[in-house]
Amino acid sequence: MLSIHAGESAATPITIDEQGSFTVGGSYKQHTGTWSQENFISENGQRAYGDFAYVEYQKPVNAKKHPLVFQHGGAQSKRTWESGPDGREGFNTMFVRAGYSVYLVDQPRSGESNLSTKAVTPDTPWAANPMYGDKTLYVLSRIGHFDDSGKPVPNAQFPEGEKYYQAFQQSWTIGSGPLDNDLNAEVLSELVKQQKDGAILVTHSMGGTIGWRTAIRTDKVKAIIAYEPGGTPFIFPENDMPKITEAKFKALSATAMGVPMDDFMKLTKIPVVLYYGDYIKVGSDNVGEDKWGTEYEMAKQFVETINRHGGDATLIHLPDIGIKGNSHFLMQEKNNREIFELTLDWLQKKGLDK
């Protein structure tokens, strides 16, 4: 028995059949020269390894057919899916309790996969250490705003208090090399291909584009659950590109990339659902609300394009179904169980709960 705790109260024990960790993918660069013990710290003749994903997994007894593979967003890690800032149970063990095997991924050059075969470049996002960006990341993530004295004021579903503000800020991670979402998708597709019956992808934020690209690379992706995809390009047919809605700060606008129609059509063969939280508004003076407003407008076109080509995509704006107050990190907030149950219901309707 493995006893898991939700917040400060003991939860029902989970019976685990198997758990562990491993790496997938990766490569190395060979340095010229000959290594010798007389100069053993020299690079000569040695290799630099990197560009792999670190994966941690749990399989419950009598697991369902399709495991869930969790892909985090930008400047994050697999911690996205673990305990929330107030210690509440995260999606990783919630879904294990529901009978799903769960694979948590740290994408190449992030988190516990932070070895890279390429050096950090000036355009590497979120590479500064330390990241002097607590207010930037708080506002961009729509967690809340700051009052006249600079004190953070959280939105309705985010826990209030300095302790929780600090816990949120301590969840960020820096990149050890250039962001390469084709590399990330290649490595993620390797993991999916290892699953006997395929897998269901669960993505967040900048991880959204990795999910779309992975489904193009392998037909073993059986569905995609995307929580607030954006920050990196949505995928469209190269001859059917969307309208761009610009943010007030233009660099934050949603983006799209074109792919051959045959590749795009692979996204029409699987069920896809996108969830967006609250505080989303194009033209808002709050840069986070405005930025995610443009992403939501892009998501509408993405879903419409998939469905127009015979696919099965659903876009859910939580306030429209009466679930209010969520930020960009809706999987970690006070009502995360409600979000979890909404996703379980979708999986059941799509026949993915067997």
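**A helix and its surroundings**

Author: The buried residues of helix α3 are covered by elements that include α2 (134-140), β7 (144-146) and β8 (152-154). Helices (H or I, at least four residues) and strands (E, at least two) are DSSP runs, numbered from the N terminus. Helix α3 itself spans residues 162-169, and its buried residues are Tyr165, Phe168 and Gln169. They lie on the same side of α3, because the arc that they cover around the axis is only 95°; this arc is that of the directions from the helix axis to the C-beta atoms. Buried means under 20% relative accessible area, exposed over 50%, and partly exposed in between (1.4 Å probe, protein chains only). Contact, or touching, means heavy atoms within 4.5 Å.

The model is a predicted one, in which local features need pLDDT of at least 70 and side-chain atom pairs count only at pLDDT 80 or more, while totals for chains, interfaces and linings use all residues. Residues are numbered from 1 along each chain as its sequence is written, and side-chain values use heavy atoms, with hydrogens and water left out. pLDDT is the predictor's confidence in each residue, from 0 to 100. Its mean over the protein chain is 95, and 97% of the residues reach 70 or more. Over residues 1-10, however, pLDDT stays under 50, and the model has 23 contacts beyond four places in sequence for this stretch.

We may now turn to the sheet. Eight strands form an open sheet with mixed pairing, in the order β3-β4-β6-β5-β9-β10-β13-β14. Its edge strands, β3 (16-30) and β14, each pair on one side only. From one strand to the next, the twist averages 15°. Two strands pair if DSSP finds at least two bridges between them. Strand β4 (residues 47-60) runs antiparallel to β3, and 13 bridges join the two; Val24, for instance, has Ala53 in β4 as its bridge partner.

Helix α4 (residues 181-193) packs on this sheet, where it touches β3, β4, β5 (68-71), β6 (102-106), β9 (199-204) and β10 (221-227), and its direction makes about 140° with that of β3. Axes are lines fitted to C-alpha atoms, for helices over the stretch in contact, and angles run from 0 to 180 degrees between N-to-C directions. Helix α5 (residues 207-217) lies across β5, β9, β10 and β13 (271-276), and it runs at about 155° to β9.

Within α5 is Ile210, a buried residue with a relative accessible area of 0%. Beyond four places in sequence, Ile210 contacts Gln71, Gln107, Asn181, Asn184, Ala185 and Leu188.

His328 is in the loop between β14 (312-317) and α8 (336-349). It is buried, at 5% relative accessible area. Residues up to four places away in sequence aside, His328 touches Ser141, Arg142, His204, Ser205, Glu228 and Trp292. With Ser205 there is a polar contact between the two side chains, at 2.8 Å. A polar contact is a pair of N or O atoms within 3.5 Å; within protein, one must be able to donate a hydrogen and the other to accept it, and residues adjacent in sequence count only if both atoms are side-chain atoms.

Finally, helix α7 (residues 287-308) contains Thr294, which is buried at 1% relative accessibility.
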